[in-house]
Amino acid sequence: MIIAASLHFINLPVCSGLCGCWIASWRKSWIISVFLGWPSSTSERSSGDILKFMQKISFSADSNPLLLHVMSAGELKDQLYSCIVLAHGMEILASGKYLEAAQIFKEATSLSLSMKMQSKIFTLSGVCFQNLGKPQTALQSFRRALEADFSCLYALYQSSLVYRQLGMADAEFETLHLLCRAVSVPEKRDLIFDDLKLIYPDKLLRNPALIKMFKKPCITSVKYCLAQRSLESGRIDDAVEHYLDLLEVFQEEKNQEVFIDSIVSLPRIPEIYLEAAASLFKAKKFWDVTLVCEEVIKKIAGIVPEKLTIAVPLKDSEGCIPPNSESFFTQLESCYQKEEYSETVQEQKNEKLNCILWTAAAYFYQGWAFTELKDTKESITHLSRCINLLLTVHIVQSDGDCINNSETGKITREAVKLLHRLKGLAFVRRGISFMERGQEKEALLNFQLSQQSFPESVDGAFWLLEALWRLGRKDEAVSYWQKLQESRQSVVDINSIHRDAVLFLLPQQELSTSDLETLNKKIEEYRSQAKP
Amino acid sequence: MANRRCIVDYLAKFHCPLYEDVFASVHVIQNESFIYLCNGTEFVAVYSKCEKQIVVVYQFPGKACLMEEDSKQHCLFVLCENYGLFSVILHLKDRFSSESQQRGASIDTCRVSLDACIIKDPTIHSFILVQNLIITVGQKCRVRTLSIFGNPQLGQVSYEKIEELDVPILENVIISSDKKQVRMPPYLCCVYPHGQKQMPSRGIRNFSLEPQLFTLLFGVDATMLDSPVILCGFLDGQVYYLPLRQSVTCTDDLRSRNSVFRMLYHLGQPVRFIGAMLPNDKGNSTLLLVGHYGKIIQIKTEYHCEGSLPNFIERNILGPVISVHSSATHIYYSTPSDLMTLPLSNTSEESTSSVSDAPAIENNLVLFFQSPHSLNVCKIIAVSCPTEMQTGEVELVAFSLAGKLMKIRISRGPSKTNSSRLSTAQTGQRIKDLLSGIGNVSDRASLLKSKIQSKNDSLKRLNRVFNICCMLQSCQERKEENCKETVHCHVVAKWNHLLLQDSLNLTCALENSSSYILEEGWMLCVEVKSQSYSMSSDSKHFSRLYTFPIAKLLPAQTMEVSVPLSSLNDLFLYALVHCTLIYNFQGILGYQENGRQQDQNSFVSSMTFKNCICLPLKTQTVDILDYLRLANLATLPRELVIKPVTDLVDVFLNTSSHVIHHCSEQIPLKRETRFSLEDGNCVASIKVSTELLKCGLTSTTSGVTFAASTVAWLLSSNSEADLLSLPSHPVVTATTPTGKSIKIHAKELLMNLKDSGGGAQPAVQMQFLWGLLHQSEVLAKKVQEVRDHLCLGLKISSEATEKLLSAYQQLRSMELVIL
């Protein structure tokens with residue numbers, strides 16, 4: 001190879017520069033070809049195992065003395081080697097061969113490396129163990145990484161994930177708090193010896209995945225992470241605190257933080273607002289709920305469509321049926337359909353649907369908050385707004401369209417499910433408000449509508465029975481109750497339904513089991529009375 | 001529209017380097033009190049509006065190609081080619097306070113050192129200031145990088161890189177380094193949702209959009225986060241947007257919603273400008289994209305029942321657009337030829353403000369009237385952001401290719417016709433205006449047409465004149481007889497009997513035998529030069545000039561003019577007649593009446609001949625023989641009439657030489673012609689050898705004596721000789737114009753051979769000549785002797801007088817011998 005031959009005459013720094021470029025773009029064969037000129041055993045060279053090959057390379061220190069001032073040849077070799085290990089390991093990690101990757105990283109830990117490099121290698125091996133289902137070992141690795149260099153915050157974040165996996169909530173929150181504090185403190189650029197060097201691994205390693213991984217996460221995302229976990233794990237007060245903190249960050253005018261592309265990705269911003277509203281609701285700060293929701297409504301109002309037609313497939317798992325007949329008209333029709341439901345159009349529609357859902361959810365929370373505040377009139381107004389908004393969505397059943405099986409189609413289906421659910425909930429809440437105002441007939445109608453749009457709702461069923469009972473239509477109630485009992489046995493438990501719901505529509509567990517029991521008792525009694 | 005007037009004030013003059021794509025690095029920024037100019041060199045000048053002069057000139061290490069002002073921190077950020085971004089703190093406020101009185105203070109020149117370079121990166125092509133961040137876009141090979149720099153500690157100058165993102169390049173777009181392509185830096189600007197209460201005043205490329213449009217374009221998240229959105233317009237026409245606050249998992253796929261950069265629009269031509277227009281109470285309602293080749297995209301909100309949509313309205317103006325800026329309602333842009341303004345009024349606002357929905361046709365009409373207008377300022381290469389004055393005027397600062405920094409003030413015009421709907425009266429007026437405009441234009445067009453026509457005619461005329469000149473010249477170079485196709489002139493003296501009075505006229509006949517037309521502008525000029533033979537002391541020449549304008553002389557036509565000869569007071573021995581064709585160049589430029597008037601006066605003073613071409617046609621001598629009045633002439637055979645020759649003596653000499661060469665053995669005969677002119681019986685005789693005469697008179701007919709034919713030949717050019725047939729008699733009596741009678745007598749006589757025997761030999765002739773020479777030498781000696789005598793101061797003795805008299809007599813008696 002001509003390049004290799006000519007490289008005999010080029011000194012080491014030039015080669016390292018070349019390698020740096022190639023490590024960044026990961027051109028393994030090129031790197032090997034560079035070092036072919038150096039004395040090493042032929043077996044490694046022929047095998048193509050770059051790591052072994054690199055390990056065996058020995059540099060003589062008799063090179064130009066001027067160059068030694070920058071970096072000694074041995075040191076440079078170590079750096080190059082560690083960089084290659086990282087790049088190579090990342091490649092294997094990305095391909096899912098966790099065991100192999102872990103072995104590579106483990107071998108690398110034996111090298112004398114800079115602290116930063118060590119922490120990176122420990123973190124990566126931790127990730128490998130995490131994926132291999134060895135959380136404790138992973139935690140050990142992360143701990144060692146942090147010991148080596150505390151600025152490696154990715155390790156901290158990953159360990160919080162491991163703690164979550166292990167169900168160790170306290171440890172998880174402690175880690176997250178630590179992370180939050182680490183992020184908030186402005187980074188002190190203390191001049192370590194590493195930074196003064198002209199050649200250091202960060203310069204050689206320009207692997208985008210690595211850069212992204214070891215970048216300092218932004219405060220906003222860490223705070224969100226904390227808030228979300230608090231809400232999920234029921235630490236309502238913490239959640240409220242963190243959410244409000246987060247919203248403050250969003251609205252603060254002087255906040256000029258830039259956050260693009262972080263390890264923890266934020267959900268859509270309106271959802272954060274709604275999650276905040278949910279946490280506030282749980283903390284029974286109803287006025288605050290209305291205020292937060294008002295913000296959402298105000299911001300989105302401009303782009304909420306007056307009506308929306310959206311196509312949803314009949315069945316979830318329907319295969320894509322290619323058109324059999326090749327007649328002109330069907331072709332035309334399919335063309336039309338493709339155009340109509342092209343990906344971008346569908347995406348735009350999804351976004352519009354999202355806007356409707358967010359606004360409706362905001363109205364829903366407002367309405368509910370007013371119910372809690374015993375302002376039934378306001379409550380009914382807001383819930384009506386929510387329902388009216390949800391009713392502007394016209395759902396069309398499309399059959400066998402390819403789009404509906406794609407990713408966007410799935411998103412649409414999820415959104416439509418959510419829409420029905422929200423509709424059901426809204427009807428229930430409005431019904432309750434009517435009940436409280438003594439308008440039982442209207443209430444009953446709302447409960448019935450609720451059951452239509454969201455039959456799985458326990459609340460809906462309970463309140464429907466309650467309404468029937470109060471109206472004196474006990475026979476109807478009993479028959480409905482019987483039907484419900486039968487269906488409930490076949491249907492999976494209620495919790496599963498709640499679990500797959502989005503965070504901002506938390507399971508509203510205000511129905512205590514005692515309520516349910518009293519109702520059950522009532523009906524059982526009536527039945528036993530009626531039977532004889 | 002038409003009443004948009006602008007006033008241009010020249011502020012300063014700069015050097016403007018003339019290299020290709022100089023437009024890319026010439027920028028003008030203005031604020032309330034200062035104007036900053038980078039003129040494509042390493043200098044950045046600061047002009048004070050109060051002091052009306054340049055106050056500071058900064059010299060950078062490299063070519064300054066982009067600048068922005070941070071008015072809060074009084075900083076000027078300048079991007080230097082091959083170096084990076086420099087920050088210069090302006091100390092202008094101090095200067096203004098302390099030295100405001102000192103007008104005409106010297107210009108400070110500051111050399112900016114490399115220490116002022118805050119971001120060292122030679123790959124940076126463009127930058128923008130956003131809040132306390134600096135965002136740069138650079139390109140290295142095929143990788144575009146957007147970097148975000150921030151200063152963590154406020155007040156410090158140091159900037160740290162916060163983020164570095166690769167701007168994707170679509171695979172199918174080739175960014176060629178072709179030199180023919182336009183080179184310009186990527187256009188960066190920053191958009192805020194209007195929700196931001198205080199608009200950051202940092203830099204001019206920050207603007208707000210109304211929240212609805214903002215949300216539609218950049219998403220709900222950006223609105224809810226009040227995120228500034230960076231817009232990057234690239235050379236390949238792609239306009240990307242990047243919300244500064246977003247959290248997505250990064251993918252390189254542009255089409256996915258998860259990409260950090262998302263494409264707003266593909267303009268298809270280099271992006272020249274991104275701006276916002278048409279503000280309402282919520283913010284700017286239109287986002288504007290302008291391409292280099294004149295494509296303008298207005299992005300507005302379109303109301304739709306299924307949700308509002310951003311509407312991309314495309315229109316095209318005549319490009320290439322060199323520099324653009326937008327005000328609230330107008331775009332100001334410069335093309336290589338002119339500075340233009342384009343009103344873009346809010347049509348959607350109109351439709352909502354009017355009672356009913358405005359019909360689409362009307363909107364189209366409004367669009368139609370929204371056409372660009374010229375401001376009649378040419379060669380502008382940089383335009384600043386326009387500022388609206390309180391008076392409603394718009395003020396622009398511009399920089400021209402000639403290096404002039406100028407302030408352009410544009411008056412808005414009395415009526416806001418652009419934004420309001422046109423009433424019928426206004427429409428009528430506008431139509432009238434347009435029609436009168438069309439009329440003016442057509443008048444001008446016809447005028448220009450006629451001018452072109454006349455110029456063409458002139459050229460044709462000039463061509464013909466030139467042809468004629470060439471023809472005449474070539475004919476003169478060759479011998480006259482060779483060219484038949486030319487313009488000839490014949491001159492004949494004629495007696496005219498008019499009103500019982502005889503007058504002698506000279507008739508010139510101009511014969512056009514060429515194939516060209518002699519047109520207006522040509523003149524025949526006849527000059528008669530005569531010599532008086534009166535005995536007055538100074539016998540002077542006098543001449544008369546006659547010009548005759550030629551109206552039109554077609555081929556094969558003849559024009560005849562007469563010139564009076566007898567009107568000359570004195571009689572003359574002979575007259576020289578010069579015939580000349582003159583062309584006056586005024587004839588080329590459409591010969592008019594005043595030109596004709598001019599030549600009446602001007603030819604007396606021959607000054608005007610300088611503007612003319614003179615082509616001599618003919619020179620002829622008219623002598624007494626030509627105008628003798630012949631009485632009782634006998635008939636002469638017609639054949640004898642020889643073709644008119646110009647000079648008899650010439651002929652003589654010509655023929656004689658011929659004779660001498662070829663027939664010198666002939667015995668010379670003397671032929672004597674005597675005629676008396678004066679009443680005192682004057683006799684003159686000429687002796688001509690018969691041989692010569694014989695040669696000359698080739699067509700001697702039998703029956704006529706030699707002497708008679710000689711007389712006939714002598715009188716051949718006389719016009720009367722044609723009328724009367726000459727007699728076969730050798731004696732002709734005639735009357736001179738003065739009424740004296742004259743007799744021409746020809747007789748043949750044998751020459752007395754004086755000294756030699758062999759008379760016919762040339763030796764004899766030589767001897768004879770020698771004799772004559774000797775005689776004249778003796779005479780000369782005698783005269784000299786007398787003269788010497790006189791010189792000695794002696795009195796003239798009677799002896800001397802006698803001697804002189806005898807010498808005179810001998811001289812008189814000497815015969816004119818023509819050999």
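This is a predicted model: local features need pLDDT of at least 70, side-chain atom pairs count only at pLDDT 80 or more; totals for chains, interfaces and linings use all residues.
In what order do the four strands of the open sheet in chain B stand?

**Figure 1. An open sheet of four strands in chain B.** The strands stand in the order E24-E25-E26-E27, and their pairing is antiparallel. Strands of a sheet pair through backbone hydrogen bonds, either parallel or antiparallel. At the edges are strand E24 (323-326) and strand E27 (373-374) of chain B, each of which pairs on one side only.

**Figure 2. The pairing of E24(B) with E25(B).** Strand E25 covers residues 330-334 of chain B, and four bridges join E25(B) to E24(B) in the antiparallel sense. One position to look for is B:Ser326, which stands opposite B:Ile331 in E25(B).

**Figure 3. Helices H16 and H17 of chain A packed together.** Two packed helices are described by the angle between their axes and the distance between the axes. For helix H16 (residues 219-232) and helix H17 (residues 236-251) of chain A, the angle is about 150 degrees and the axes are 8 Å apart. Angles over 145 degrees count as roughly antiparallel, and H16(A) is therefore roughly antiparallel to H17(A). The crossing of the two helices is left-handed. Residues of H16(A) in the contact include A:Tyr224, A:Leu226 and A:Leu231, while those of H17(A) include A:His242, A:Leu246 and A:Phe250. Sorted by class, the contact has ten nonpolar, four polar and three charged residues.

**Figure 4. Helices H23 and H25 of chain A.** Helix H23 (residues 407-436) and helix H25 (residues 458-470) of chain A have axes that come within 10 Å and cross at roughly 30 degrees. Angles under 35 degrees count as roughly parallel, so H23(A) and H25(A) are roughly parallel to each other. H23(A) contributes A:Val428, A:Ile432 and A:Met435 to the contact, and H25(A) contributes A:Asp459, A:Gly460, A:Trp463, A:Glu466, A:Ala467 and A:Arg470. Five of these residues are nonpolar, one is polar and three are charged. The crossing of H23(A) and H25(A) is left-handed.

**Figure 5. An aromatic pair in chain A, A:Phe281 with A:Tyr365.** A pair of aromatic rings is described by the distance of the centres and the angle of the planes. Over all chains, a search of the whole structure finds 17 aromatic pairs. In the pair of A:Phe281 and A:Tyr365, the ring centres are 6.1 Å apart and the planes are at 55 degrees, so the pair is tilted. A:Phe281 lies in helix H18 (residues 269-282) of chain A and A:Tyr365 in helix H21 (residues 343-372) of chain A.

Key
Residues are numbered from 1 along each chain as its sequence is written. Chains are lettered from A and ligands numbered from 1 in the order in which they are written. Side-chain values use heavy atoms; hydrogens and water are left out. Two strands pair if DSSP finds at least two bridges between them. Axes are lines fitted to C-alpha atoms, for helices over the stretch in contact, and angles run from 0 to 180 degrees between N-to-C directions. Angles under 35 degrees count as roughly parallel, over 145 as roughly antiparallel, 65 to 115 as roughly perpendicular and the rest as oblique. A crossing is left-handed if the near helix is turned anticlockwise from the far one by less than a right angle, and right-handed if clockwise. Contact means heavy atoms within 4.5 Å. Ala, Val, Leu, Ile, Met, Phe, Trp, Tyr, Cys and Pro count as nonpolar, Asp, Glu, Lys and Arg as charged, and the others, Gly among them, as polar. Rings of Phe, Tyr and Trp (its six-membered ring) pair if their centres lie within 6.5 Å; planes under 30 degrees apart count as stacked, over 60 as edge-to-face and the rest as tilted.
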